[in-house]
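Take a look at the chain below.

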Amino acid sequence: MRVTTAPLQPELDRIVAAGAGAVIAELRWDGRTTRLASGVIELGRPRRAPVNGRFRIGGVTEAFTATVVLQLVAEGRLGLDDPLGAHLGNAVPDITVRHLLGHTGGLPENTVAEHTGPGRPRRARELVDLAVLSAPGTRYAHSATGYLLLGMVIEEVTGRPYTREITDRIIKPLKLTATRTPTSSTAINGPHARGYLMTGGRIRDVTRLDPTAAGAAGGMMSSAADLNTFFHALLTGGLLPPVELALMKTPGIGGAHGLGLEIAGSPCGTAYGHRGAILGYTTLSFHSSDGARQLSLSMTPYDDAAHAALQAALTTGFWS
């Protein structure tokens with residue numbers, strides 16, 4: 001099967017027409033790479049969106065965090081069935097690392113986006129304190145709170161910030177030059193499209209925000225090329241031993257999530273990756289098991305209709 005850009009470019013254009021300032025995508029297929037973009041850097045101005053643009057990746061950050069956690073498991077420094085109390089004391093529920101990786105810890109979805117907007121952003125520990133526990137291990141329920149806790153576990157086990165561990169274990173070895181862990185800087189360094197939010201019937205620019213509250217659950221920024229490089233290395237065994245990689249790819253409760261990866265069926269076989277959203281930016285990154293076919297895409301939506309168009313682009317670009 002041969003890559004063609006003709007089917008995907010119109011889909012990106014439709015996303016913009018449906019209500020997004022810009023869309024940036026990179027498709028890799030059997031050794032060939034195609035970079036595409038639609039829309040503009042800033043609404044009301046003519047400069048086209050850059051195909052090498054950087055963006056906030058939201059929940060795709062979880063795949064980086066999970067990779068570091070499972071590296072520590074492989075090194076024997078952490079156990080999947082360790083109760084959190086063994087690492088974080090009595091301030092957190094007695095649930096396990098495995099529960100958090102697979103979103104079965106019983107913690108509610110913490111609306112991180114609510115705490116990264118105007119005003120003083122909440123810190124990770126504050127967001128954890130807002131969580132209310134339900135029975136762990138009984139159902140799948142996505143929880144950003146769980147990944148905030150995993151960031152704390154990484155720090156307790158290594159004695160270093162989780163951001164340093166992600167940087168030294170993943171970003172530097174893979175030379176992900178556009179990828180950054182969360183800092184207190186509100187800017188996106190390098191070329192990027194501006195992010196927007198519809199509030200009160202008006203489109204608001206929300207490009208600048210403090211991502212540290214999203215932390216290990218959603219605070220990173222990257223590019224489509226870097227995400228494809230990261231997931232290719234992950235899925236082909238460059239970051240984890242076979243046992244831990246298999247755990248990431250094995251469906252858990254509900255069948256749509258392993259220990260750090262989302263799992264989706266398609267006519268071309270099972271796809272692995274992650275979706276993410278944070279104020280102003282929505283990201284998806286999905287890949288074949290062997291890394292031969294990859295699609296990473298970011299959009300800056302300001303209308304809900306853009307999300308339906310994004311799903312159509314995924315179907316055309318990856319599952320056609």
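What follows moves from the whole chain to its sheet, its helices and a few single residues.

## The whole chain

This is a predicted model. The chain has eleven helices and ten strands. Of its 320 residues, 57% count as buried. Contacts across the sequence matter for the picture too. Take contacts between residues at least 6 apart in sequence: 67% of them join residues at least 24 apart.

## The six-stranded sheet

Six strands form an open sheet. Their order is β2-β1-β10-β9-β8-β7, and the pairing is antiparallel. Which strands stand at the edges? They are β2 (32–39) and β7 (262–264). Each has a single partner strand, so one side of each is left without a neighbour in the sheet. From one strand to the next, the twist averages 15°.

Look now at one pair in this sheet. Strand β1 (residues 20–29) and β2 run antiparallel, joined by eight bridges. One detail: Ile 24 has Ala 37 in β2 as its bridge partner.

Two helices that pack on the sheet come next. Helix α1 (residues 8–19) touches β1, β2 and β10 (293–301). The direction of α1 makes about 160° with that of β1. Helix α9 (residues 224–235) touches β1, β2, β8 (271–278), β9 (281–288) and β10. The direction of α9 makes about 35° with that of β9.

In a regular strand, side chains alternate between the two faces of the sheet.

Helix α2 covers residues 61–74, which is 14 residues. From its first C-alpha to its last it reaches 20 Å, close to the 20 Å expected at 1.5 Å a residue. Is α2 mostly covered or mostly open? It is mostly covered: 13 of its 14 residues are buried. Just after α2, Gly 76 takes a positive phi of about 80°.

Now for the aromatic rings. A search of the whole structure finds two aromatic pairs. Phe 64 and Phe 230 form a stacked pair. Their rings are 3.9 Å apart, centre to centre, with 10° between the planes. Phe 64 lies in helix α2 and Phe 230 in helix α9, so the pair ties together parts that are 166 residues apart in sequence. Both Phe 64 and Phe 230 are buried. Ring pairs link these two and Phe 231 into a cluster.

## Charges over rings

| Charged residue | Ring | Distance to ring centre |
|---|---|---|
| Lys 249 | Tyr 272 | 5.0 Å |
| Arg 293 | Trp 29 | 3.7 Å |

In both rows, the charged end sits over the ring.

Strand β4 (residues 196–199) pairs with strand β5 (residues 202–205). The pairing is antiparallel, over four bridges. Met 198 has Ile 203 in β5 as its bridge partner. The hairpin of β4 and β5 has two residues between the strands. In this hairpin, Gly 200 takes a positive phi near 60°.

## Positive phi without glycine

Two further residues have a positive phi without being glycine. Asp 30 has a phi of about 50° and is not a glycine. Where does Asp 30 lie? It is in the loop between β1 and β2. Asp 30 has a relative accessible area of 53%, so it counts as exposed, the cut-off being over 50%.

Lys 175 has a phi near 55°, again positive in a residue other than glycine. Its place is in the loop between α7 (162–171) and β4. Lys 175 is at 65% relative accessibility, so it counts as exposed.

## A closer look at Glu 155

Glu 155 is found in helix α6 (residues 144–158). What does Glu 155 touch, leaving aside its neighbours within four places in sequence? Glu 155 is in contact with Arg 160, Pro 161 and Tyr 162. Glu 165 is ten residues away from Glu 155 along the chain. The C-alpha atoms of Glu 155 and Glu 165 are separated by 8.5 Å.

Key
Residues numbered from 1 in each chain as written. Predicted model: local features only at pLDDT ≥ 70, side-chain atom pairs only at ≥ 80, totals over all residues. Heavy atoms only, no water. Expected span 1.5 Å × (residues − 1). Buried < 20%, exposed > 50% of the residue type's maximum accessible area, 1.4 Å probe, protein only. Pairing = 2+ DSSP bridges. Axes fitted to C-alpha atoms, helices over the stretch in contact; angles between N-to-C directions. Contact = heavy atoms within 4.5 Å. Phe/Tyr/Trp six-rings, centres within 6.5 Å; stacked < 30°, edge-to-face > 60°. Lys NZ or Arg CZ within 6 Å of the ring centre and 35° of its normal.
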